[in-house]
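Here's a quick briefing to read with the model open in your viewer. Please have a look at it first, then work through the points below.

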Amino acid sequence: MKKTLVRYRNSAFGRFVFRNQKYAPILFFMGGFIFDTLTLGRIDRVYDTVVLCSHMSLLSITLYLYNTVDNDKWEGTFIRRYSQYFPLLIQFFFGALSSAFVIYFFRSVSMSKTMFFFILLVLLLFANEFLKKKISNKYLQFSVYFFISFTFFAFMIPTLIRKMNTFIFIISGLLSLWSTLALIRFIYRSSPGIRAEISLKKLIGLILSIYITINVFYYFNLIPPVPLAMDTGLVAHDVRKENNEYIVTYEKNPWYVFWRKHDTNFHRQADQRVYVFTSVFAPTDLKKSIFHRWKWYNPETEKWEVTDDISFKVTGGRDLGFRGYTHKNNLREGQWKVDVITEEELVLGVVDFVIKNTSEPHNEGMVKKSF
């Protein structure tokens, strides 16, 4: 194998790669992100589960090898000869896992407070490009690893057991914390170099602070309730079910407002119903109660007032999500929003709109679409 590598390095392609090796991290990053975008779809697919579990396992193994490579037991082995590539592999797995989580979370967030955690994931995804020179920093290395590990278990445990609630989230976090601390302890005991380089108390304290921070995010509903995801959410003039299809009539946005399906201005005649239609993705066999929490903004108190909590059960397994709707009559003019939430009051998404009363039927920009 060594002769093969020598021939590769002396070839025209090998010399080209060597001259441009500084671009290797960005190419690995882009390749991993594009691969995940094209291949990952449903979190409950066997393929997706195998890919994520493989990435997490290989990342853990690579971290162990990278941090113990100076041990005498690796002298003269394949591990020692190619240890220079371990930082690149760690960066690749960091990028692959964070990009996968960004793809899944993108389906789960709306322009609401849950977007904050999504932005953190995106920042981690792109910050990964600048970690190559810092990857030798053990505190940074294991902090990023724990954050990714926590997110991994928060996705996988509910998906595998077909159940999600606050208790399951706590179990996922504890399992992530235990596995990360076990890996750190194993590496610390195996490598004299690591024992001389880091303070175990400082590293554990850093990991625990990240653990507490994520749980605080969860408590304040700053984390989307994955693996649930709201695929569609819109305010409509009419919703009818025909031959297992939902026919939804709503006011369409102007062409330049591409990020939202419905117009936020809802023109309502007297006694006309207002519908909110949503489709929520859930893994196969997962059953969950979802609530539409209707809120009206009171301009006098300058506060949102809850008018109704209307529930329906979601059954997982459908690619485009479980469809459901709620409706209300005699709504007042002004700003309204409907929070799509779980029993634990975790926010799946928000449908916001403004009621404008009109004496004539509103036909401009109306569309009818099946879901």
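Which backbone nitrogen does a side-chain oxygen of N165 reach at the start of helix 9? That of F167, to within 3.0 Å. Helices here are DSSP runs of H or I with at least four residues, strands are runs of E with at least two, and both are numbered from the N terminus.

Some ground rules before the details. This is a predicted model, so local features need pLDDT of at least 70 and side-chain atom pairs count only at pLDDT 80 or more, while totals for chains, interfaces and linings use all residues. Residues are numbered from 1 along each chain as its sequence is written, and side-chain values use heavy atoms, with hydrogens and water left out.

**The whole chain**

- Of the 371 residues, 49% count as buried; buried means under 20% relative accessible area, exposed means over 50%, and partly exposed is in between (1.4 Å probe, protein chains only).
- The accessible surface of the chain is about 19,500 Å², and 60% of that belongs to carbon and sulfur atoms; the areas come from the Shrake-Rupley method with a 1.4 Å probe, and for residues only the protein chains shown count as cover.
- Take the contacts (heavy atoms within 4.5 Å) between residues at least 6 apart in sequence: 72% of them join residues at least 24 apart.

**Helix 9 and what it packs on**

- Helix 9 covers residues 166-190, which is 25 residues, and runs 36 Å from its first C-alpha to its last.
- That is close to the 36 Å expected at 1.5 Å a residue, where the expected span is 1.5 Å times one less than the number of residues.
- An α-helix has 3.6 residues a turn, so residues three or four places apart point the same way.
- T68 sits in helix 4 and is buried, at a relative accessible area of 0%.
- Apart from neighbours within four places in sequence, T68 is in contact with W74, I187, S190 and S191.

**A nonpolar patch**

- F167 belongs to helix 9 and is exposed, with a relative accessible area of 56%.
- Together with I170, I171 and L174, F167 makes a nonpolar patch on the surface, about 350 Å² of accessible area in total.
- The rule for patches: residues need over 30% relative accessible area and no salt bridge, with like charges joined within 9 Å and nonpolar side chains (Val, Leu, Ile, Met, Phe, Trp, Tyr) within 5 Å.

**Salt bridges**

- A salt bridge is a side-chain nitrogen of Lys or Arg within 4 Å of a carboxyl oxygen of Asp or Glu, and by this rule there are 7 salt bridges.
- Side chains of opposite charge can pair when their charged atoms come close.
- K328 pairs with D308, the closest N and O atoms being 2.3 Å apart.
- K328 lies in strand 8 (residues 322-328) and D308 in strand 7 (residues 303-315), so this pair ties together parts that are 20 residues apart in sequence.
- K328 is buried at 15% relative accessible area, whereas D308 is partly exposed at 26%.
- E344 pairs with K288, with 3.0 Å between the closest N and O atoms.
- This pair links distant parts of the chain, 56 residues apart: E344 is in the loop between strand 9 (334-342) and strand 10 (347-357), K288 in strand 6 (residues 287-298).
- K288 counts as buried at 3% relative accessibility, while E344 is partly exposed at 23%.
- K288 and E344 also belong to a network of salt bridges with E343.
- R240 bridges to D238, the closest N and O atoms being 2.9 Å apart, and D238 counts as buried at 19% relative accessibility.

**Backbone details among the strands**

- D231, in strand 1 (residues 229-236), is partly exposed at 27% relative accessible area.
- The C-alpha atoms of D231 and G321 are separated by 6.5 Å, though the two are 90 residues apart along the chain.
- N244 has a phi near 65°, a positive value in a residue other than glycine, and is in the loop between strand 2 (238-242) and strand 3 (245-251).
- E302 has a positive phi too, near 60°; E302 sits in the loop between strand 6 and strand 7 and is exposed, at 59% relative accessible area.

Methods:
A polar contact is a pair of N or O atoms within 3.5 Å; within protein, one must be able to donate a hydrogen and the other to accept it, and residues adjacent in sequence count only if both atoms are side-chain atoms.
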